[in-house]
Amino acid sequence: MAKTESVQDTCVLVTGGCGFIGSHTVVVLLERGYEVVIVDDLSNSSEKVLDRIDQIVGDDAAQRLTFVRADVADKDALDAVFDEFQIDAVIHFAGYKAVGESVEKPIEYYSNNIGNTLALVDVMRNHGCKSIVFSSSATVYGDPDALPLTEESPKKPATNPYGWTKWMIEEILASLVVADPEWNVVLLRYFNPIGAHASGLMGEDPKGIPNNLLPYVAQVAVGRRDAVHVFGDDYNTPDGTGVRDYIHVMDLAEGHAAALAWMANKTGCEVFNLGTGTGTSVLEIIKAFSAACGRELPYVIEPRRAGDVTANYADCTKAREVLGWEAQYGIAEMCRDSWNWQSNNPNGYEG
Ligand SMILES: NC(=O)c1ccc[n+]([C@@H]2O[C@H](COP(=O)([O-])OP(=O)(O)OC[C@H]3O[C@@H](n4cnc5c(N)ncnc54)[C@H](O)[C@@H]3O)[C@@H](O)[C@H]2O)c1
């Protein structure tokens with residue numbers, strides 16, 4: 001990144017900073033002393049998260065936060081942001097993320113996720129800002145041949161347009177470094193982010209029916225939905241249900257701060273897995289959440305869902321050795337914090 005030496009002088013543009021992972025990351029950045037500009041069009045988030053961020057970080061730190069409501073694909077709006085602020089680095093969260101929806105709306109997904117990234121890096125280049133951290137995903141590994149997954153594990157063809165957007169944006173950003181060695185690109189491949197801020201003030205608040213397991217389980221726990229749907233109990237795993245590497249969203253947020261600090265004054269393109277290294281089955285999650293909320297949560301077994309892989313979990317050695325980052329929280333804490341958020345905000349930010 002950064003033409004500056006100290007965090008206090010460093011301004012980070014966070015696209016999608018009102019969303020689930022972005023909002024938790026903004027809290028960590030403000031607490032570290034960064035100046036933060038969020039650009040978000042609120043297509044999948046609520047402006048109310050900004051008050052929650054202020055409450056958590058306090059008035060002094062909140063003064064270092066600016067919110068701009070804009071579509072990242074709107075180059076004029078982005079130009080205005082880069083004109084007004086001396087942006088040193090960008091963390092790029094903004095994008096659509098629902099796998100199933102991407103199959104139904106490929107044009108919207110390719111256009112938003114890839115189109116906004118191209119607009120962003122063009123404006124960044126024109127303003128001489130060439131440091132970017134990108135939200136990639138373990139989805140780029142597809143159905144793995146071997147576990148755990150290291151950054152050297154092969155990328156596999158995606159099974160849906162969402163997955164292809166992550167796959168292709170990684171390639172696009174890597175090409176920037178080939179064309180212009182001044183670029184500084186960090187690709188963070190998240191495993192399965194869950195949990196919430198320990199205060200219970202911020203958490204995941206999906207619009208409509210949740211696509212991911214945890215918000216669905218949490219909504220069953222507060223009585224918004226009847227039962228958890230478990231897709232497949234005949235996988236080759238200890239209890240037959242799919243196994244994933246769940247990571248607490250605050251650990252993920254810390255991972256972004258670690259990546260930013262590490263990349264300062266560097267160039268090149270590096271990839272890091274951000275997970276815990278531990279696989280947990282769907283039934284284990286339901287059990288852990290039941291313990292957190294104090295009642296047995298009902299579930300029904302459904303057929304397998306197309307495109308779901310049997311198991312994946314990360315080898316996070318590289319992030320530990322290079323970034324000095326390691327996940328701190330386990331499944332019990334992730335479920336505790338999700339439950340704290342959901343029980344205090346049964347209808348999310350609108351409740
Ligand atoms: N949550 C996960 O399981 C997961 C896993 C791997 C990768 N990711 C990636 O991490 C990123 C953040 O995920 P999240 O879970 O916080 O999602 P989210 O939907 O909660 O946050 C994304 C934010 O981006 C905003 N946005 C979308 N398109 C925009 C645009 N064109 N201009 C401005 N703002 C826009 C939305 O309003 C939202 O606030 C996404 O890129 C997602 O694909 C998420």
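Predicted model: local features only at pLDDT ≥ 70, side-chain atom pairs only at ≥ 80, totals over all residues.
Colleague: How many helices and strands does the protein chain have, and what is its radius of gyration?
Modeller: Helices (H or I, at least four residues) and strands (E, at least two) are DSSP runs numbered from the N terminus, and the protein chain has twelve helices and 13 strands. The radius of gyration is taken over C-alpha atoms, and the globule rule is 2.2 Å times the number of residues to the power 0.38. For 351 residues that rule gives 20 Å, and the protein chain comes close to it, so it is as compact as a globular protein of that length, with a radius of gyration of 19 Å.

Colleague: What percentage of the residues in the protein chain is buried?
Modeller: A residue is buried if 20 or more other C-beta atoms lie within 10 Å of its own, exposed if 12 or fewer, and partly exposed in between, with C-beta atoms placed from the backbone. Of the 351 residues in the protein chain, the buried ones make up 49%.

Colleague: Which strands stand at the edges of the seven-stranded open sheet?
Modeller: Two strands pair if DSSP finds at least two bridges between them. The open sheet has the order 3-2-1-4-5-6-11, with parallel pairing. Each edge strand has a single partner strand, so one side of each is left without a neighbour in the sheet; these are strand 3 (65-69) and strand 11 (268-274).

Colleague: Which helix packs on the sheet, and what angle does its direction make with that of strand 4?
Modeller: Axes are lines fitted to C-alpha atoms, for helices over the stretch in contact, and angles run from 0 to 180 degrees between N-to-C directions. Two residues are in contact if their C-beta atoms, placed from the backbone, lie within 7 Å. Helix 6 (residues 106-126) touches strand 1 (11-15), strand 4 (89-92) and strand 5, and its direction makes with that of strand 4 an angle of about 175 degrees.

Colleague: Is leucine 120 buried or exposed?
Modeller: Leucine 120 lies in helix 6. Leaving aside its neighbours within four places in sequence, leucine 120 is in contact with Thr15, Val72, Leu78, Val90 and His92. With 22 C-beta neighbours inside 10 Å, leucine 120 counts as buried.

Colleague: How many bridges join strand 5 and strand 6, and which residue of strand 6 is the bridge partner of valine 133?
Modeller: Strand 5 (residues 131-137) and strand 6 (residues 184-190) pair in the parallel sense over seven bridges. In strand 6, the partner of valine 133 is valine 186.

Colleague: Which element gives the most residues to the shell around the ligand?
Modeller: A residue is near a molecule if its C-beta atom, placed from the backbone, lies within 6 Å of it. The ligand is surrounded by 29 residues, the closest being Gly16, Gly19, Ser45, Ser135 and Ser137. Two or more residues come from each of strand 2 (35-40), helix 6, strand 5, strand 7 (192-194) and helix 1 (20-32). The most, three residues, come from helix 1.

Colleague: Which residues does the cis peptide bond join, and what is its omega?
Modeller: Most residues other than glycine have a negative phi, and most peptide bonds are trans. Proline 148 lies in the loop between strand 5 and helix 7. The cis bond joins leucine 147 and proline 148, with omega about -5 degrees.

Colleague: Where is leucine 42, and what is its phi?
Modeller: Leucine 42 lies in the loop between strand 2 and helix 2 (49-57). With 14 other C-beta atoms within 10 Å, leucine 42 is partly exposed. Although leucine 42 is not a glycine, its phi is positive, at about 60 degrees.

Colleague: Is asparagine 265 buried or exposed?
Modeller: Asparagine 265 is in the loop between helix 9 (249-263) and strand 11. Its phi is positive, about 65 degrees, although asparagine 265 is not a glycine. With 12 other C-beta atoms within 10 Å, asparagine 265 is exposed.

How values were computed:
Residues numbered from 1 in each chain as written.
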